[in-house]
Amino acid sequence: MARTHVILSDDLIEAIDKRFGERDRSRFLEEAAREKLERLELGEALVSVAGVVREQDYPEFADQRSINEWVRAQRRTEEAS
């Protein structure tokens, strides 16, 4: 595990410490950084696959009404099984 120096505003440190305590500050910041990185990676993945599914190939996903109908049909099929 490595150490680093990070500069944060006093009010942010205060809010973190109030909720988690000074002793858990590093753990909180590490978890927050990991969550942010995961969200960024997910966003990049979504952008990279944008347009892969074409509307004409999947008309059941054309709009919310179509999606709702498709989900209901899937549930009826599962219930019948």
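## Salt bridges, a nonpolar patch and a pocket

Glu-30 and Arg-34 both belong to helix H2, where four residues, or about one turn of the helix, separate them; helices here are DSSP runs of H or I with at least four residues, numbered from the N terminus. The model is predicted, so that local features need pLDDT of at least 70 and side-chain atom pairs count only at pLDDT 80 or more, whereas totals for chains, interfaces and linings use all residues. Residues are numbered from 1 along each chain as its sequence is written, and side-chain values use heavy atoms, with hydrogens and water left out.

A salt bridge is taken as a side-chain nitrogen of Lys or Arg within 4 Å of a carboxyl oxygen of Asp or Glu, and by this rule the count comes to six.

| Pair | N to O distance |
|---|---|
| Asp-17 and Arg-25 | 2.5 Å |
| Glu-30 and Arg-34 | 2.8 Å |
| Arg-65 and Glu-69 | 2.7 Å |

For accessibility, buried means under 20% relative accessible area, exposed over 50%, and partly exposed in between, with a 1.4 Å probe and protein chains only. Arg-25 counts as partly exposed at 24% relative accessibility, and Glu-30 is likewise partly exposed at 36%. Arg-65 and Glu-69 are four residues apart in helix H3, which means that about one helical turn separates them; Arg-65 is exposed at 54%, while Glu-69 is partly exposed at 40%.

Leu-42, Leu-46, Val-49, Val-52, Val-53, Tyr-58, Phe-61 and Trp-70 make a nonpolar surface patch of about 770 Å², to which H2 gives the largest share, three residues. Such a patch takes residues with over 30% relative accessible area and no salt bridge, nonpolar side chains being joined within 5 Å, and the areas come from the Shrake-Rupley method with a 1.4 Å probe. Trp-70, which lies in helix H3 (residues 64-80), is partly exposed, with a relative accessible area of 33%.

The largest pocket has a volume of about 630 Å³. A pocket is an open set of points on a 1 Å grid where a 1.4 Å probe fits, with protein on both sides within 12 Å along at least five of seven lines, and lining residues have an atom within 4 Å of a point. Its lining has 17 residues, of which Arg-3, Thr-4, Val-6, Ser-26 and Leu-29 lie nearest the centre, and helix H2 (residues 25-49) supplies the largest share, seven residues.

Key: Points joined across faces, edges and corners; volume = space filled by probe spheres on them. Helix = DSSP H or I, 4+ residues; strand = E, 2+ residues; numbered from the N terminus. Patch = residues over 30% accessible without salt bridge, like charges linked within 9 Å, V, L, I, M, F, W, Y side chains within 5 Å.
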